[in-house]
Amino acid sequence: MKLRTLTLGLLSASALAFAAHAESITIATVNNGDMVRMQKLTDDFTKANPDIQLNWVTLEENVLRERVTTDIATKGGQYDVMTIGTYEVPIWAKQSWLLPLDKLGADYDVKDIIPAIAGGLSVDGKLYAAPFYGESSFVMYRKDLMEKAGLKMPDAPTWDFIKQAADKMTDRANGVNGVCLRGKAGWGENMAFLTAMSNSFGARWFDENWKPQFDQPEWKKTLQFYVDLMKADGPEGASSNGFNENLALFQQGKCGMWIDATVAASFVSDPKNSTVADKVGYALAPDNGLGKRGNWLWAWSLAIPAGTKKADAAEKFVSWATSKHYAELVASKEGWANVPPGTRSSLYANPEYQKAAPFAKMTLESINAADPTHPTVKPVPYVGVQFVAIPEFQGLGTTVGQLFSAALAGQSSVDDALKQAQDAATATMTEGGYIK
Amino acid sequence: MARAVTTRHKTIATAAAWIVALLIFFPILYTIITSFKSEQEAIQGFNLIPSGTFESYSEVQAQSGYFKFFLNSVLLSVGSTILALLVAIPAAWSMAFSPTKRTKDILMWMLSTKMMPAVAVLFPIYLIFRDTGLLDSRIGLMVMLMLINLPIVVWMLYTYFREIPGEILEAARMDGASLWNEIIYVLTPMAVPGIASTMLLNIILAWNEAFWTIRLTTTDAAPLTAFISSFSSPQGLFWAKLSAASTLAIAPILIMGWFSQKQLVRGLTFGAVK
């Protein structure tokens with residue numbers, strides 16, 4: 001027994017010793033093309049900082065979110081840099097879970113970060129995460145089908161125009177659906193799209209006193225329009241389509257229009273994978289003339305958890321990965337079209353980038369058209385365009401997403417879905433102490 | 001006539017067995033097929049004939065080294081199994097050969113720990129691991145995997161041990177064997193098929209465990225489950241790459257299962273016919 005205890009003790013001691021040796025920082029990230037590319041280019045960083053070693057942990061988005069939340073809430077200290085989105089940053093910064101980034105270096109040029117993005121990552125004027133790539137959403141459409149329909153897509157279409165164009169483009173006999181939109185339930189799936197869309201219909205999740213607003217006519221208009229549009233012109237089984245499913249449909253030429261993340265532009269215009277690469281046009285997300293468009297704002301960003309013991313090394317890395325120098329590095333190795341988009345104004349002013357990325361102008365305009373601090377027509381007590389930056393939103397957003405997905409699938413009526421959403425939101429907000 | 005009926009029954013039974021086996025194996029087969037498709041093919045709907053590209057495999061290998069994860073999987077599954085046997089053999093032995101009124105209750109209580117969802121104890125376990133410095137360590141994970149599989153190991157061994165006539169042990173005692181001698185020289189050799197199949201099953205369970213192995217590791221101790229998880233992408237097509245990663249991750253255990261089939265089946269049916 002003694003011997004075994006001793007062996008166990010020795011083994012765990014050696015395991016500890018192994019972990020403590022060398023200044024290595026652990027970076028948690030998701031498996032997106034831009035992130036994978038960054039991992040390949042880290043030689044540039046380690047050459048300049050030979051005393052810092054980088055360890056990567058790549059995880060599926062939801063697993064990553066759960067892992068980093070567990071670690072940060074318990075101050076486990078497993079990660080020194082974590083990839084999080086604009087949803088987490090304001091919430092976690094308020095909890096003092098993140099370190100403010102104030103030592104990014106003299107040549108970092110914080111002012112160059114696109115203001116809408118920087119606003120979403122700051123609390124009380126302090127930047128808590130550096131954007132690695134940013135995105136909004138916009139309309140991607142088939143120029144050839146639009147022409148065939150005898151229509152011309154304006155730069156800033158209205159929802160009525162989208163409906164009209166979708167009706168004309170739909171040709172189900174030939175497998176063409178006028179419009180493809182997200183239907184898969186989830187706060188980051190259909191609710192990202194529907195919440196952004198509802199902003200342009202004048203709807204909001206909560207009024208100034210955190211009272212849920214699903215019983216208001218604006219939400220009814222939003223959801224009814226969405227369900228009707230998808231029934232008439234959407235693909236079959238749309239209630240299980242997320243980003244990747246719609247991407248595949250669009251690449252195979254089965255969608256006339258697709259309203260989704262601006263980052264999709266580089267996929268649909270890539271001739272290697274897309275059969276319609278040379279036929280894609282871009283336009284701003286639709287509106288209803290109320291002063292807000294239906295586009296969102298998201299930035300995968302690098303943040304440093306408060307529990308880290310290697311804050312300086314971590315900040316050096318964050319500064320490198322989100323710098324102008326990194327953009328130039330990617331451009332020199334893989335071309336300007338592969339530079340992570342949506343974070344720096346200087347990138348969009350660069351003529352070489354404009355030439356390499358035909359969607360550059362529309363992407364920047366879309367990002368600028370989103371304002372996370374004033375996302376809706378009527379005033380709201382929260383931050384966030386396609387989400388509400390409160391901890392309860394992940395659970396509530398997904399519940400409401402399931403109700404709306406069921407309405408799209410025809411399992412419930414629009415009125416029923418909205419009523420249940422109102423009840424669920426009221427219960428959550430009462431429980432959370434928002435409604436007194 | 002009777003023979004004809006038997007043959008027909010046999011054919012039907014064989015066909016039925018094949019169908020069931022195919023149904024069970026199909027998800028794995030489809031994963032393997034998908035791993036030889038391009039990303040476009042993979043998402044295009046049901047198709048059993050891949051274009052036969054190895055693109056996904058080379059991309060998966062280029063993106064993250066397989067071997068490090070593989071080594072961790074081997075160490076964790078074998079290590080946790082050895083730990084589990086060290087604890088479970090004495091436990092099962094005492095319950096099988098010196099049962100008390102409460103033995104059944106103890107067994108049920110052990111099993112009841114398997115009925116709780118793992119996530120319910122995520123935070124307490126995470127805090128214990130944090131405070132003992134065991135996060136992302138192989139030894140910590142070995143202990144964890146040992147603990148979660150222990151009820152099954154004890155139960156299996158208990159069932160096997162019960163099949164061994166107590167008289168043989170008594171005879172050994174009459175010849176002057178000590179307690180340890182009795183366990184090591186008499187009981188263990190007789191229970192080898194049972195122990196072997198328990199061991200194999202436990203290795204498989206530990207190899208496939210995906211809740212704790214992902215949540216308690218970051219880089220140093222991460223096994224193949226973490227390797228698979230890294231290929232799912234929120235933006236971009238990934239089914240073929242994910243399938244290639246899964247195929248690489250399950251191949252070793254599948255091959256091991258194949259070779260030890262006889263032992264596994266013999267152990268599992270040990271004592272079934274009296």
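Reply: Helices (H or I, at least four residues) and strands (E, at least two) are DSSP runs, numbered from the N terminus. This is a predicted model, in which local features need pLDDT of at least 70, side-chain atom pairs count only at pLDDT 80 or more, and totals for chains, interfaces and linings use all residues. Residues are numbered from 1 along each chain as its sequence is written, with chains lettered from A and ligands numbered from 1 in the order in which they are written.

Me: What pattern does chain B follow along the sequence?
Reply: Chain B has 14 helices and zero strands. Read along the sequence, its pattern is α-α-α-α-α-α-α-α-α-α-α-α-α-α.

Me: What percentage of the residues of chain B count as buried?
Reply: A residue is buried if 20 or more other C-beta atoms, placed from the backbone, lie within 10 Å of its own; it is exposed at 12 or fewer and partly exposed in between. The C-alpha atoms of chain B fill a box of roughly 75 × 70 × 30 Å along the principal axes. Of its 274 residues, the buried share is 36%.

Me: Which element gives the most to the side of chain A that touches chain B?
Reply: Two residues are in contact if their C-beta atoms, placed from the backbone, lie within 7 Å. On that basis, 34 residues of chain A are in contact with 30 residues of chain B. Elements giving two or more residues to this side of chain A include β1 (24-30) and α11 (243-251). The most, seven residues, comes from α1(A).
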